[in-house]
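Thanks for coming. Please put the sequence and the structure up on your screens, and I will go through them part by part.

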Amino acid sequence: MTSSTTVRTRRVSGAFIAAACAALVISGCTSNEPREDEGAATGPVTATENDEAGDEVVIGFSAPAADHGWMGAITNAAKAEAEKYEDVTLQVAEGTNDVNVQISQIEGFIDQGVDAIVLLPFDGAALTEVALDAMEAGIPVINVDREFTSPFAARTTVLGDNYGMGVSAGTYICEQLGDNKDAVVAEIAGIDALPLTQDRSQGFEDALSDCGLDVDARVAAEFTVESGEEQTANLLSAEPEIDAIWNHDDDQGIGVLAAIENAGRDEFFLVGGAGSSNMMEMIQSGDSVVQATVIYPSTQAADGVKLARLIAQDKTIGDLASIGVPRTVQLFAPVVTADNVEEYLPIGFES
Amino acid sequence: MGGLVLALLLLCVVGIATTGGRFATAGNITTLLALAATTGVVSIGMTFVITAGGIDLSVGSVLGLATVWASTLSTQYMAEDYGWWVMVVTALAVGLAAGLVNGALIAYGKVPAFMATLAMLAAAKGLAEIIAGRRTQLVEVDPFLDVFRADVLGLPMIVWIFVVVAAAGWFLMNRTTFGRRTVAVGGNPEAARLAGIKIKRHTLYLYGLTGLTAGIGAVMMLARTTAGSSTTGTLLELDAIAAVVVGGTLLAGGRGTITGTVLGVLIFSTLTNVFILNNIDSSVQAIAKGAIIVGAVLLQQWFASRERATST
């Protein structure tokens, strides 16, 4: 008769073997390769004589962790842009939301002696000091999206227009709702603690008050799908009749749409934000509540790389009368509707 | 238990009073229950672990990992070919596997539960981010969505899943030897061992159970948000622990109540719902939640000391 220890060992190892087999089986299911080749979408192509090869430059690139589609698109677009130029070597630091780690990444670039740094700081204020150090060491810094607190910390700043985004969304809603002064307008914001969310909300409010409307209900999600779904479910519960909704971000928009479908409501139209391919495709098909979205370019970092190359090679930006590269480039926040969606689809990002 | 029901009723009364009946509409009650369902399922599993004197901090990340794994393109293609159950099995298997790893580390590796599950929290999140490529994965398997987003008898499917899991959990805790062993292990591990209970194996099963409920929660989340993401389930473990503790299960172990957990989950969901309907800042909500947790534990301790005083 086998001793109880052996039986127990056998039972336990049996459980482990079963678990291991299951693990092996399901480990086959982690690939994200699409079955058909989806055919990569490319951005609009405009080539100038600036694109001809010049001096070799090494550009250091640092951005926050790509934990949502927009940020992932930022990094991918920057890498793709750098690959178009044979004279550019892009050093990409691992994406991180830890300010300390990002500071040490920039210090590493300074030590290395790169020719330029493109930096999308997790927090503009926190990274200002190290950017100043880089500038003093003779390395031009291109600040992307989240602004430093000192004008000396960057040679050039590439910004989206958060306030303008809100204005674009508010203006579009004003145009659509016409003279209906009793229209119920709702807002689904992103992370409230970020200054950019406050800017967007302010722009939205200002544009709405211009035509006599105001924000009747507002909830704040966290740019994630789960929070978008939860907050929207609550919003729909609280407001039985809505005429228009502005959702700040298309990544959380996936959750927003899920909640809208769950509740079976469609008496309103939805305006998105940021410009994901997902939303643009819905606008194109026209069979959901999504009527428009406001672009917050995910090509900012790619612009930063292009400008960094021009600065490092001492070239002048094309199409302008003045010499050199501008100090600030603030990108426009256009509204994408069914009329112009074809134009903007190439720069949509995958959620 | 009576106290919890009273608290819940009080919240409902406040809800109706402050929102003029909007609280009591069928639509709002459904929203409330749907909000409670996923946390509820995970809390049921957590009840068992806490009753046994342990804790599981990884359920949120494991849930996120399971949603990601079950919604990768390869899993979805397989689901299109063979049926939507592929996604369900994947989510459950991932949850169970993670739970068993936790259990093995705690029972046989003698790693404290706090540390082992904290490590799993970090590891599962990282793995989820790698698999998803830090993107959101949309669920496009229509049969899966049709089944799990359906309304049965007026309530969403996920609410029914919560009901079934709660009933099964109650049965497991109160009517099986598994439940009795769990209480024994939590109350007095040494006595339990001397009584012949195989503590290590039982611990393994307990954490496997929590992992399994995380997997079930993942299926529900996939249906609710139609997407798999590594950010889903963040901080869910804190909500689950709060619900379990408010429900009357002792954090130190030795007593567990599934009914209490269910009431705890409902109390928090009702609170959130009433706050939203009244447009109150979410930060105020968070403070209220903290106050309720502390209040509940203090009350429990007070009742326990009174019981001890009167029983001697």
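A definition comes first: two strands pair if DSSP finds at least two bridges between them. Helices (H or I, at least four residues) and strands (E, at least two) are themselves DSSP runs, numbered from the N terminus. Residues are numbered from 1 along each chain as its sequence is written, while chains are lettered from A and ligands numbered from 1 in the order in which they are written. This is a predicted model, in which local features need pLDDT of at least 70 and side-chain atom pairs count only at pLDDT 80 or more, whereas totals for chains, interfaces and linings use all residues.

Now to chain A. Chain A has eleven helices and twelve strands. Which strand do five bridges join to S9(A)? That is strand S10 of chain A, residues 290-295, and the two run parallel. In this pairing A:Val271 stands opposite A:Ala292 of S10(A). Strand S8 of chain A, residues 244-247, also pairs with S9(A) in the parallel sense, over three bridges. Here A:Ala244 is opposite A:Phe269 in S9(A).

Next, burial. A residue is buried if 20 or more other C-beta atoms lie within 10 Å of its own, exposed if 12 or fewer, and partly exposed in between, with C-beta atoms placed from the backbone. In chain A as a whole, 47% of the 351 residues are buried.

S8(A), H8(A) and S9(A) form a right-handed β-α-β unit. A crossover is right-handed if, with the strands pointing away from the viewer, the path from the first strand over the helix to the second runs clockwise. S9(A), helix H9 of chain A (residues 277-285) and S10(A) also make a right-handed β-α-β unit.

Which residues of H9(A) are buried? They are A:Asn278, A:Met279, A:Met280, A:Met282 and A:Ile283. The buried residues of H9(A) pack against H8, S9, S10, strand S12 (335-336) and helix H11 (341-344) of chain A. After H9(A) comes A:Gly286, with a positive phi near 75°.

One residue deserves a stop: A:Trp70, in helix H2 of chain A. Is A:Trp70 buried or exposed? It has 21 other C-beta atoms within 10 Å, so A:Trp70 is buried. Two residues are in contact if their C-beta atoms, placed from the backbone, lie within 7 Å. Leaving aside neighbours within four places in sequence, A:Trp70 is in contact with A:Asp251, A:Ala274, A:Ser298 and A:Phe349. In chain A, residues 24 or more positions apart account for 73% of the contacts with a separation of 6 or more.

A word on confidence. pLDDT is the predictor's confidence in each residue, from 0 to 100. Chain A averages 86, and 88% of its residues score at least 70. Over residues 38-43 of chain A, pLDDT stays under 50, and the model has six contacts beyond four places in sequence for them. Where pLDDT is low, the predicted coordinates should not be read in detail.

On to chain B, which has 14 helices and four strands. Its radius of gyration, taken over C-alpha atoms, is 20 Å. The globule rule, 2.2 Å times the number of residues to the power 0.38, gives close to that value, 20 Å for 312 residues, so chain B is as compact as a globular protein of that length. Of those 312 residues, 56% count as buried.

Two loop residues of chain B have positive phi without being glycine. B:Lys110, with phi of about 60°, lies in the loop between helix H5 (85-107) and helix H6 (113-132) of chain B. B:Leu235, with phi near 65°, is in the loop between strand S4 (227-228) and helix H12 (236-246) of chain B. B:Lys110 has 9 C-beta neighbours inside 10 Å, so it counts as exposed.

Last, the two chains together. How many residues of chain A are in contact with chain B? There are 33, in contact with 36 residues of chain B. H7(A) gives the largest share of that side of chain A, eight residues.
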